[in-house]
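Thanks for coming. I have one structure to go through this morning, so please look at the screen.

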Amino acid sequence: MPENRKDGVKLPGGVELQDEDIYEAMKSIPGYLDITPGDFKEVYQLAYRHALERLSRDVTAREIMTREVVVVRPDTPLAEVAEIMGMQGISGVPVVDPSGQVVGVISAKDFLIHLGLAEPKNFMILVASCLKSQACVTLPIKQREAADLMSSPAVTVGPETSVKEIAAIFTAKGLNRVPVTDPEGRLLGLVSRADIVKAAMGGGAK
Amino acid sequence: MIGDYFRKMAGTTQSPPRVGLAEITWSWLGAFLGIGLVAYLNETWVEPTDLVLLIGSLGASAVLVYGAIKSPLAQPRNLVGGHLISALVGVTAYKLLSPYPWLAGALAVATSIALMHATRTLHPPGGATALIFVMGSPKLHNLGYLYVIMPVGAGVILMLLVALLVNNLSHRRRYPEFWW
């Protein structure tokens, strides 16, 4: 990739590796190094990417998932679901039936979609309609329960699913979190985008 | 497309840094002793006979094995393997194509590079070793395949011995990086 050689290499923490850094490093090694700074950087870049791929292949959902997950029941009133999410500062919860099976997921996005807002359905439109009218928004979902709003069936992964596969699922399905379940569908934990970022920063297993 | 082709000729990076004075001094000393030993033996013992010990490509090897001792091109596998393979190729090319010296020379150098690549013994002076035989004097040509053993094999082993002794004298230098 000769066209990329002028660019710096990104390191964790936002540090960029430039040709001059490599040049200075080469000066501190006695003896003639039979490589140009540009070639060294290219090798470094490829090796770094290789290491990242190896790590994301090896790390599994079990190692990075959050184990203490806030959940709701299918018959939990939506007002209560919203309150739980708000108080806990989370943007999504798994919906779990009394036997422990994950039957769906509710996210803040599911609320916005069903609030009867005009397009586009996002948080600032909600604020705008509250400020404009006295009744805030019409609430067609006021008396409903979690089961009425949740995305179901939930997209779930197993504890041995690799972080790389989970990242691919997030991207393909536009998700921000995915419940981790055992073969019977019972909840073991939750992997969020933040968990993956933490693992990539070198946090590794918790 | 054409623009990309010519842009590549502008280069993308810079030359490696200049080495320190100590490295320059050690490189000088190694080359002086290595070439000195081979040239002295050649002059006093070998030259009066029909044999030869010193060939020009050893000067090129000296640059690598005393001046760029970390380079993969300078390691024993490459120094010995590259010279021996190229010597074989050079003698063979001359024997097959001596009526066409230009063709023999071109084939000898090109084939040496290909075989050194294939055997992971790339050593640039090997190309010279092959060409030197093709262009050589009648005395050299009379050696035939003996050229591979002497001067090439013997000269290279002496150079390697001096490299092992001199390149490990400084606590900041080390040779080789690998043997095989």
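I'll start with chain A, which has nine helices and six strands. Helices here are DSSP runs of H or I with at least four residues, strands are runs of E with at least two, and both are numbered from the N terminus. Before I go on, note that this is a predicted model, in which local features need pLDDT of at least 70 and side-chain atom pairs count only at pLDDT 80 or more, while totals for chains, interfaces and linings use all residues. Residues are numbered from 1 along each chain as its sequence is written, and chains are lettered from A and ligands numbered from 1 in the order in which they are written.

Of the 206 residues in chain A, 20% are buried. Buried means that 20 or more other C-beta atoms, placed from the backbone, lie within 10 Å of the residue's own. If we take the chain A contacts between residues at least 6 apart in sequence, 56% link residues at least 24 apart. A contact is a pair of residues whose C-beta atoms, placed from the backbone, lie within 7 Å.

Now chain B. This chain has eight helices and zero strands. Its 180 residues are 38% buried. For contacts in chain B with a separation of 6 or more, 73% are between residues 24 or more positions apart.

Next, the cores. A nonpolar core is a set of buried Ala, Val, Leu, Ile, Met, Phe, Trp, Tyr and Cys residues joined through C-beta atoms within 7 Å. The largest one has 43 residues, and among those touching the most other members are B:V65, B:F133 and B:M159. Helices that each supply at least two residues to this core include α2 (21-46), α3 (57-67) and α8 (146-167) of chain B. The biggest contribution, nine residues, is from α4(B). Looking at B:M159 beyond its neighbours within four places in sequence, we find contacts with B:G34, B:V38, B:L58, B:S61, B:A62 and B:V65. There is also a second, separate core of 14 residues, with A:V81, A:L149, A:M150 and A:L187 among them.

Last, where do the chains meet? On the chain A side, 15 residues are in contact with 18 residues of chain B. The elements of chain A giving two or more residues to that side are α1 (19-27) and α2 (37-58). The largest share is four residues, from α1(A). By type, the chain A side has seven nonpolar, three polar and five charged residues. Nonpolar here covers Ala, Val, Leu, Ile, Met, Phe, Trp, Tyr, Cys and Pro, charged covers Asp, Glu, Lys and Arg, and the others, Gly among them, are polar.

Notes
Buried ≥ 20, exposed ≤ 12 C-beta atoms within 10 Å, placed from the backbone. Contact = placed C-beta atoms within 7 Å.
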